[in-house]
Amino acid sequence: MALFPSDEWISLFRDLINGSKEYAEAGKTWEGDIAFVFEAEPDHGVPQDLVAWLDLRHGVCHGARMVEAQEGDRAEYAIRAPYSRWREVVLGDLDPVKGMMQGKLKVRGDLPNIVRHVRAANELVHLTTLVPTEFMGTR
Amino acid sequence: MRAVVYREIGRVEVAEVPDPLIEDPADAIVRVSLSAICGSDLHFFHGKAPLEPGETIGHEAVGIVEAVGPRVERFAPGDRVVVSFVIACGACWFCRNGQTQLCDDFRNLGAGIFGGSLGGAQAELVRVPAADFNLLRVPEGVEDERALFVGDILTTGVYAAGIAGIRAGDTVAVVGAGPVGFFAIQAARAVGAGQVLALDLEPGRLALAEGVGAVPIDVSQRNAQTAVDERTEGRGADVVIDAVGSAPAFERALDVARRGGTVVVVGMYTSETVQAQVGVWWTRAVTLLFAGICPVHAWWERAMEAVGAGQVDPTSIVSHRLRLEDAPLGYELFDTHRATKVLLRP
């Protein structure tokens, strides 16, 4: 089990992305690195904001790791939400594109471009469900 | 007379200054019974807004009419009144339509050149232009301390809740439980809100908010969005009142509103910027209301009624009652967050 999010979790996720034919096809026109910001929820075991960074280009994940907030700020896209919202995404309880349109997940960057790549986004979410995951605050 | 004067950045003092005189036939002179230090006075205290050394300061006052000019019809010497912090002409199109904060001749007491060079209310006497319009009679039974804030922050809270379109049973989230938030909480409850959530990170403010019926949410310990969702079956608040005036507070206010909800921005903004996906606001069908400065004159009668009826009670926010001569101490206490509200009695 890998703690979500952590370098271990992100690394497993990257391997799944790069092994997915579905993502390679759906994400072949996507260009741009993404920072995923997990907002602090001290009462749920997340004392400070956490940021994961993925460099996704042409259907391939070229890099993935946990980063400092400033590095996340430099990413072309950033998607942020409270940690428990991300847990809903990983558990399949929240459609991420719908979440973005409803403001549950806040996007910095070209939102229409993300919406155009809805199949790629959905495949990424599907792949998260395949990572053996342990959530913070549940240990 | 004695009055609080600005001396230099971070320093006020109490000094002897000339008594104000009737300068216009519509003026009144009010002998101040009680005044207060407001958050906006700190802008001048810190030099963020210009005051010349020796200029008087302050804009919250209740007192007794001392003298009136020949065109003043509604007031006479001896009347007990509260002063509006917005000094409006009462005659222009905006004033006649209830938007006195947009008056063609908008002025403020004690705000130097920025406010039309009117004297301040932290003084023994204050000159009030267009007195028929800028004074409100204080009913018997409403003490000075309960009437004072009707001229400013209390009515601002009533205004914020009033324009929000709160329906019976609505969940209202108030971002920022400072003085305006404190009054917005009470006003929201008075117009029928089901639950009022107070979001702040200062324990003292949260305790005051809880004392007037709000559910306190400490955003240093809890994620605001998650906390509000938990109390609204995951929807978010029906109405959100931003009573802070900072970019993070503005974003937080939008975060905690439900789809189709209303966000009232009553906190003061100047040059802040936020990055936003306007399409997301559009898709969420959020109503975003920029309240601007409170048009006190359009709201203070109903605010005074709410005070008289006990629906809005300012007394618990007053932490310090000082003599006018102790104003420098009052500014220090207020500026360093050791006071929630400081009263000054000449």
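## A first look at chains A and B

In strand E13 of chain B, Val239(B) is the bridge partner of Val172(B). Welcome to a predicted model, in which local features need pLDDT of at least 70, side-chain atom pairs count only at pLDDT 80 or more, and totals for chains, interfaces and linings use all residues. Residues are numbered from 1 along each chain as its sequence is written, while chains are lettered from A and ligands numbered from 1 in the order in which they are written.

- Helices (H or I, at least four residues) and strands (E, at least two) are DSSP runs, numbered from the N terminus.
- Strand E10(B) covers residues 171–175, and five of its five residues are buried, so the strand is largely enclosed by the rest of the structure.
- A residue is buried if 20 or more other C-beta atoms, placed from the backbone, lie within 10 Å of its own, exposed if 12 or fewer, and partly exposed in between.
- In a regular strand the side chains alternate between the two faces of the sheet.
- Thr171(B), Ala173(B) and Val175(B) lie buried on one side of E10(B), with Val172(B) and Val174(B) buried on the other.
- E10(B) runs parallel to E13(B), residues 237–242, and four bridges join them; strands pair if DSSP finds at least two bridges between them.
- E10(B) also pairs in the parallel sense with E11(B), residues 195–200, over five bridges.
- Between E10(B) and E11(B) the chain passes through helix H6(B), residues 179–190, in a right-handed β-α-β crossover (with the strands pointing away from the viewer, the path from the first strand over the helix to the second runs clockwise).

**Chain B as a whole**

- Chain B holds 12 helices and 17 strands.
- Its radius of gyration, taken over C-alpha atoms, is 20 Å, close to the 20 Å from the globule rule (2.2 Å times the number of residues to the power 0.38) for 346 residues, so chain B is as compact as a globular protein of that length.
- Of those 346 residues, 53% count as buried.

**Chain A as a whole**

- Chain A has seven helices and seven strands.
- Its C-alpha trace spans about 40 × 30 × 30 Å along its principal axes.
- Buried residues make up 38% of its 139 residues.

**Where the chains meet**

- In chain A, 13 residues are in contact with 12 residues of chain B, contact meaning C-beta atoms, placed from the backbone, within 7 Å.
- The chain A side of this meeting has six nonpolar, three polar and four charged residues (Ala, Val, Leu, Ile, Met, Phe, Trp, Tyr, Cys and Pro count as nonpolar, Asp, Glu, Lys and Arg as charged, and the others, Gly among them, as polar).

Methods:
Two residues are in contact if their C-beta atoms, placed from the backbone, lie within 7 Å.
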